[in-house]
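Morning, everyone. Please have a look at the structure on the screen, and I will walk you through some of its contacts.

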Amino acid sequence: MKTKILKLVVACTFLQICLYACCTDVNNIFLSTVDFTVRDSADNDITSVTNADFSLLAKTDYDFSLVTSLAKQSGLLNMAYATSCDEEFIITKLVTNVELTADVPLFGIDAGNSLNDHVLVGFGVVSGDTGFSMNDMKNALNYEINNIYEDYFLTFDTTIPTETTTTFTLTITFENDEQLTRVSTPVTFQ
């Protein structure tokens, strides 16, 4: 009788190691926070900038929620030292639109209307590598799992007239019609 019980315990332990140690954890990931600020690369005084030194910085942050984890749900064996497969991430709340607006008319576009056609997006650090569209930014927000703390630098392909004071609004719309809206501080162009 003792041998049967011992064999059963060993078989169950072995089965648990085989079934749970290599199971993939599934996580939902979704964009939760965007810090949106004006940048002045010359002197960091964001109240007044030149077109050459101006950019808008959107820093993203994502939240994770564990959907399934057989190893953690079992509660029978500590899997901290077990080898496991990569975690699987499923993006929930896909971004359907990213829009930048201003509270004054710019580029012949009325206040409050999309400036997306004039926006140049740069990824990572500020460099001469700005030339991506707002659609590219939307795609990156949806599919760049490895760069979930990405910085997006937004500039314009057209000069903003001097003595223009404006605030910019970045609106991110998700597939469930939820919106994440951020407004910059006022900035005056010299």
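First, a term. Buried means under 20% relative accessible area, exposed means over 50%, and partly exposed is in between, with a 1.4 Å probe and protein chains only. By that rule, Phe54 and Phe156 are both buried.

Now the ground rules. This is a predicted model, where local features need pLDDT of at least 70, side-chain atom pairs count only at pLDDT 80 or more, and totals for chains, interfaces and linings use all residues. Residues are numbered from 1 along each chain as its sequence is written, and side-chain values use heavy atoms, with hydrogens and water left out.

Let's stay with the rings. Rings of Phe, Tyr and Trp (its six-membered ring) pair if their centres lie within 6.5 Å; planes under 30 degrees apart are stacked, over 60 edge-to-face, and the rest tilted. The count comes to 5 aromatic pairs. One of them is Phe54 with Phe156, which is stacked, at 6.0 Å centre to centre and 5° between the planes. Phe54 sits in strand β3 and Phe156 in strand β8, 102 residues apart. Helices (H or I, at least four residues) and strands (E, at least two) are DSSP runs, numbered from the N terminus.

Phe54 has another partner. The ring centres of Phe54 and Phe168 are 5.7 Å apart with planes at 35°, so this pair is tilted. Phe168 belongs to strand β10 and Phe54 to β3, so the pair ties together parts 114 residues apart in sequence. How accessible is Phe168? Its relative accessibility is 0%, so Phe168 is buried. For Phe54 the relative accessible area is 5%. Ring pairs join Phe54, Phe107, Phe156, Phe168 and Phe189 into a cluster.

Next, the core. A nonpolar core is a set of buried Ala, Val, Leu, Ile, Met, Phe, Trp, Tyr and Cys residues joined through side-chain atoms within 4.5 Å. The largest one has 34 residues, and Leu100, Leu154, Phe168, Leu170 and Ile172 touch the most other members. Which element gives the largest share of this core? That is β1, with 5 residues.

On to charges. A salt bridge is a side-chain nitrogen of Lys or Arg within 4 Å of a carboxyl oxygen of Asp or Glu. How many turn up in the whole structure? The search finds 2.

Lys59 is in β3 (residues 54-68) and Asp151 in β8 (residues 151-156), so parts 92 residues apart in sequence are tied together. Lys59 is partly exposed at 37% relative accessibility, whereas Asp151 is buried at 19%.

Lys93 and Glu178 make a salt bridge too, with their closest N and O atoms 3.0 Å apart. Lys93 is in the loop between β4 (88-91) and β5 (95-102), and Glu178 in the loop between β10 (168-174) and β11 (179-183), so this bridge ties parts 85 residues apart in sequence. Glu178 is partly exposed, at 36% relative accessibility.

Lys93 also lies over the face of Phe174, 5.0 Å from the ring centre. For that, NZ of Lys or CZ of Arg must be within 6 Å of the ring centre and within 35 degrees of the ring normal.

Last, a sheet. Two strands pair if DSSP finds at least two bridges between them. β2 and β12 run parallel, joined by 2 bridges.
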